[in-house]
Amino acid sequence: MSGPGAPGTPGTPGTPGTRGTAGTSGTAGAGDGRRALEAAMRDRIGQECLHVPSARFGLLLALRHWFGRGERVLISPTNCETVLFTVLAAGLEPVTAPVSHRDGNIDVPAVDWTGLAGVITTHLYGLPDRVAELRAECDRHGVVLLDDAAHAMQTTVDGRPAGTFGEAGVFSLAKHGRSMSGGFLTARDPSALAALARAREELLLPGGTGAQLSGTLRPVLRETIYRTGLVRPVWHALKAAGVVTWTGHRCPPREDELRKVLAAGPVDLDAMRYWLRIDLDDWRMRQGAPLLGYQRSRFRVIDRERERRTAGVELLRATPWAAEGVRETAPLPLLRVPLLVEDRDGLVARLESRGVVPGFIYDPPLDDYLDLVPAGPAPEVARWWTRHVLPVDPLRAGRMAGLLTELGARPAPPPPAP
């Protein structure tokens, strides 16, 4: 993610759909579509699921269900800011986790468990967090674990899918399969899904015909650009037209406005819209049958690309820029492969001139990005990671390895001493 999403018009709450079990929807066609998606995901992970319009929506449902207002939840500072804003929207206090220079994930032995009510995993770019250790420590301290597998739908740990280690887990179809919308919420205790489904229906907003059509056509257009290699002319045209405005790697935080919203009492999701809609205007839109059908088709893309994705990881992990965690972990079909390079931003500018637009760069760390987030216990490690990381699509591994060599990319300097 390189900047804010496209501007949009604030939504207005609509009449909640029929309440009940997973898969219920306002129309029969959409209900069938959601049930089909939920069944497909259940078959993949071995747990019952709810379909949600976005992973952040699923995370919000989980946070509201398992935590009370003001409780403290541990998050990684190297993650997307939507995780932070979702925690704030749930009325919770984010606590910055220590991270490892190996993979940018939570450094479990360095965590201070004092006063924590919960932990959200990272699985950054699909590299597995230390979920077995996290699960054991959460059990020991009586802390709720939420397994955020938005980057990790294809990641397994000891044969078990990421996203299934916590009391709840979330997944993103917007990232995997490039559907640009859709996700899933699962729960360790399937009896929790009925209450979560009711909460889902209460929070969904109606989506008109135009929004549904746009939600289906945008990813089709994006997929055409992705497959035909038209990224460079489209990117330059969008920048020339002012549709894309470079603002750095994170969206402008507008912290003064955010503080006023948070100080007003129980968080109003409409008032939080600017911070929750980053890159996804329709993050809580009730999705119709055509859009759900398109999302279902993307499962086939995920499966079809799996071997190529793993091969790309294998190629990139042998380069001098590969993060230590990539080199030490068996090749997985990662969403992105984190390379660590010197002068990352200068390199990004040169890559853009060649028609390559890197995304998923989360810089600076969340505790530097937003002053209301307390500093973490090892900020120098998080700063080193976010300053140097260059996430690479493994499906473009060969081209990227060639470009980085041609551009004279150098490995990042050593991480700070512990």
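A cavity is a set of points, on a 1 Å grid over the protein atoms alone, where a 1.4 Å probe fits but cannot get out; lining residues have an atom within 4 Å of a point. This is a predicted model, in which local features need pLDDT of at least 70, side-chain atom pairs count only at pLDDT 80 or more, and totals for chains, interfaces and linings use all residues. Residues are numbered from 1 along each chain as its sequence is written, and side-chain values use heavy atoms, without hydrogens or water.

**View 1. The second largest cavity and its lining.**
Arg34, His51, Pro53, Leu204, Met285, Arg286 and Gln287 line this cavity. Three of the lining residues are nonpolar, two polar and two charged.

**View 2. Helix 2 against helix 3.**
Helices (H or I, at least four residues) and strands (E, at least two) are DSSP runs, numbered from the N terminus. Helix 2 (residues 55-66) packs with helix 3 (residues 81-89). Arg56, Leu59, Leu60, Leu63 and Arg64 of helix 2 meet Thr82, Val83, Thr86, Val87 and Ala89 of helix 3; contact means heavy atoms within 4.5 Å. Six nonpolar, two polar and two charged residues make up this contact.

Two strands pair if DSSP finds at least two bridges between them.

**View 3. Strands 8 and 9.**
Strand 8 (residues 168-172) and strand 9 (residues 183-187) run antiparallel, joined by five bridges. Val170 stands opposite Leu185 in strand 9.

Methods: On a 1 Å grid over the protein atoms alone, a cavity is a set of points where a 1.4 Å probe fits but cannot get out, and a pocket is an open set with protein on both sides within 12 Å along at least five of seven lines; lining residues have an atom within 4 Å of a point. Ala, Val, Leu, Ile, Met, Phe, Trp, Tyr, Cys and Pro count as nonpolar, Asp, Glu, Lys and Arg as charged, and the others, Gly among them, as polar. Axes are lines fitted to C-alpha atoms, for helices over the stretch in contact, and angles run from 0 to 180 degrees between N-to-C directions.
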